[in-house]
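Dear colleague,

I am handing over the structure below for your use.

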Amino acid sequence: MLRKPLRILLAYCDTQHYWEIHSNNIALPLGLGSIGTYLKHKLGEKVEIRIVDGTLMSHKRLLRLIEEYTPDVAGFNSTILNYKSTLDAASKAKELDSFVFLGGHHATSLYKNIIESRKQIDGIVLYEGEMPFHHIIQKILADEKLTGIPSLVQRDSGGNIVTPEKIMLAPLNELPLIDYNLFDLKAHFKRSGKAGLGNAVTYYSGKGCMRRAIQINKNEYSFQEYLDILESVNSCSFCGRIDLGNRCINDENVVSLLDYLYNQHDVSFYWDVWDTFVPISGPRIYKGDETYRFFSRIDNISEPYLRLLEERYGNN
């Protein structure tokens, strides 16, 4: 019998021996935040969302938290650094009879290996998770079989891999702004403050990389079309991303998000994690006492580029 509201745990697990990674002083699990915000936006009081950043706690505490929360559904974002911890946490959730799903770049790239060998995982969400996870939760709420769900890889009753018919992604400008109240900002700001960064957050004004060969012009692809695009894109040899292309969020939406973070959470350090940030002309964003950080390609940087950055974001 499922509880009402449905308890959904979304977790980025601890990185065990990698605590010294500098970006962990700033990084938030934005993908999970976007999924959680989207589910609350679509399903309201039918769901209860708990987002856990395992880098803020020990592995034992993370497992204890999962046991105490006893989620109906658990979704984990895995990377190379926290894969072992994630499998551990997934096993704990499965012991509690949760539906368990895995997503993120690592899982998307290695879905065949993972779904074949890791029985504690019920399914792997490929690429972006907002729309697929919404479909999953709707099916669970209706007590229906998890069939026909876009972007979801799973096993059939015989243990065979079942790939999705299509890959779906939500248009970035139609997604609600991430609700940062879903994160444990008190603990996060305590850590970023110790690093000398004050109230520091990550956000994104776009997704993907300018180097990749296509611009996304639709929100649904057949599975084979998706695989063909990934094979054809012009990526750097070391690239570990699985983006179909390069997308940006409308400037007014980005400005609204930054204003919200500044006014509601007193944020003083902002890191835009879009892989190839592109500055555009627009109203001045800099308030006078905050710092901004960006990723950019070296061949994009020029004097006009730097002037535009300073005009909008100050010179901190």
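Two strands are said to pair if DSSP finds at least two bridges between them. Helices (H or I, at least four residues) and strands (E, at least two) are DSSP runs, numbered from the N terminus. Please note that this is a predicted model, in which local features need pLDDT of at least 70 and side-chain atom pairs count only at pLDDT 80 or more, while totals for chains, interfaces and linings use all residues. Residues are numbered from 1 along each chain as its sequence is written, and side-chain values use heavy atoms, with hydrogens and water left out.

The sheet. Seven strands form an open sheet with mixed pairing, in the order E2-E1-E3-E4-E5-E6-E7. Its edge strands, each pairing on one side only, are E2 (47–53) and E7 (161–162). Strands E6 and E7 run antiparallel and are joined by 2 bridges; Arg155 has Ile161 in E7 as its bridge partner.

The second largest pocket. A pocket is defined on a 1 Å grid over the protein atoms alone, as an open set of points with protein on both sides within 12 Å along at least five of seven lines; a cavity is a set of points where a 1.4 Å probe fits but cannot get out, and lining residues have an atom within 4 Å of a point. Grid points are joined across faces, edges and corners, and a volume is the space filled by probe spheres set on the points. The second largest pocket holds about 430 Å³ of space. Of its 17 lining residues, Leu146, Thr147, Gln154, Arg155 and Val162 lie nearest its centre. Strand E6 (residues 152–155) gives the most to this lining, with 3 residues. By type, the lining divides into 7 nonpolar, 4 polar and 6 charged residues, where Ala, Val, Leu, Ile, Met, Phe, Trp, Tyr, Cys and Pro count as nonpolar, Asp, Glu, Lys and Arg as charged, and the others, Gly among them, as polar.

The cores. A nonpolar core is a set of buried Ala, Val, Leu, Ile, Met, Phe, Trp, Tyr and Cys residues joined through side-chain atoms within 4.5 Å. Buried means under 20% relative accessible area, exposed over 50%, and partly exposed in between (1.4 Å probe, protein chains only). The largest core has 54 residues, and those with the most contacts inside it are Ile8, Phe133, Ile136, Ile137 and Tyr180. Helix H1 gives the most to this core, with 6 residues. Apart from it lies another core of 37 residues, among them Phe76, Ala89, Tyr111 and Leu169.

Individual residues. Ser34 belongs to helix H1 (residues 30–43) and counts as buried because its relative accessibility is 4%. Leaving aside neighbours within four places in sequence, Ser34 is in contact (heavy atoms within 4.5 Å) with Glu130, Leu175, Ile178 and Tyr204.

Most residues other than glycine have a negative phi. Thr70, which is not a glycine, has a positive phi of about 40° and is partly exposed, with a relative accessible area of 25%. Ser151 has a positive phi near 70°; this residue lies in the loop between H6 and E6 and is buried, at 0% relative accessible area.

Yours sincerely
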